[in-house]
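Subject: Structure handover

Hello,

Here is the structure for you to take over. My notes on it follow below.

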Amino acid sequence: MNTISIKIEFGGGLELLFENKRSYRVDIPSVVPTDNTTDAEANLADKETKDVDVDYLIHHMKDHMLKERVELFMEKNTVRPGILVLINDTDWELEGEGEYQLKNGDEVVFISTLHGG
């Protein structure tokens with residue numbers, strides 16, 4: 001299975017949900033199921049596939065990296081409102097949001113813009 005390597009960074013307190021680490025380098029499959037299942041044992045021959053995208057990355061992070069309180073990171077199969085996502089220093093809304101196809105060496109940054117008070 002081919003993989004790509006990407007860098008993930010967190011800010012604005014979001015790192016607290018991910019073992020209090022601000023930066024990760026992860027290897028993910030380059031081809032994934034269209035339903036975003038992240039089971040490493042999944043047989044792709046039995047499923048429809050797509051090139052890996054940010055939607056898959058978010059599910060991968062939830063299943064393999066997130067340590068607590070999924071509701072503070074995800075809502076309705078995407079990041080919750082109030083989380084800014086940057087792909088290579090560009091707002092993901094300009095890159096196609098979750099449909100952006102990841103490439104080897106990409107950097108994805110998640111920043112919480114919500115503040116308590």
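Contact, as used in these notes, means heavy atoms within 4.5 Å. The model is predicted, so to speak of local features a pLDDT of at least 70 is needed, side-chain atom pairs count only at pLDDT 80 or more, and totals for chains, interfaces and linings use all residues. Residues are numbered from 1 along each chain as its sequence is written, and side-chain values use heavy atoms, with hydrogens and water left out.

Tyr-24

Tyr-24 is part of strand S2, residues 23–29. Strands (E, at least two residues) and helices (H or I, at least four) are DSSP runs, numbered from the N terminus. Setting aside residues up to four places away in sequence, Tyr-24 touches Ile-6, Lys-7, Ile-8, Phe-10, Phe-18, Glu-19 and Met-65. Its relative accessible area is 12%, so Tyr-24 is buried. Buried means under 20% relative accessible area, exposed means over 50%, and partly exposed is in between (1.4 Å probe, protein chains only). The side chain of Tyr-24 also reaches the backbone oxygen of Phe-18 at 2.7 Å. Between Tyr-24 and Leu-66 there are 12 Å from C-alpha to C-alpha, and the two are 42 residues apart in sequence.

Ser-5

Ser-5 sits in strand S1, residues 3–11. With a relative accessible area of 17%, Ser-5 is buried. Apart from its neighbours within four places in sequence, Ser-5 has contacts that include Arg-25, Val-26 and Asp-27. Lys-103, Asn-104, Gly-105 and Asp-106 are also in contact with Ser-5.

Helix H1

Helix H1 covers residues 54–64, and its buried residues are Val-54, Tyr-56, Leu-57, Ile-58, His-59, His-60 and Met-61. What caps the N-terminal end of H1? Asp-53 does, with a side-chain oxygen 3.4 Å from the backbone nitrogen of Asp-55.

The loop between S7 and S8

Most residues other than glycine have a negative phi. Asn-88 has a positive phi, near 50 degrees, and lies in the loop between strand S7 (83–87) and strand S8 (90–91). Asp-89, in the loop between S7 and S8, also has a positive phi, near 70 degrees. Are these residues buried or exposed? Asn-88 is partly exposed, with a relative accessible area of 36%, while Asp-89 is exposed at 63%.

The chain as a whole

The chain has two helices and nine strands. In sequence order the pattern is β-β-β-β-α-β-β-β-β-α-β. A compact globule of 117 residues would have a radius of gyration near 13 Å, and the 14 Å of this chain agrees with that. The radius is taken over C-alpha atoms, and the globule rule is 2.2 Å times the number of residues to the power 0.38. The C-alpha trace spans about 50 × 25 × 25 Å along its principal axes.

Of the 117 residues in the chain, 40% are buried. Among contacts with a separation of 6 or more, 53% are between residues 24 or more positions apart. The chain exposes about 6700 Å², and carbon and sulfur atoms supply 44% of it; accessible areas come from the Shrake-Rupley method with a 1.4 Å probe, and for residues only the protein chains shown count as cover.

Regards

Note on methods: Polar contact = N/O pair within 3.5 Å; in protein donor to acceptor, adjacent residues only side chain to side chain.
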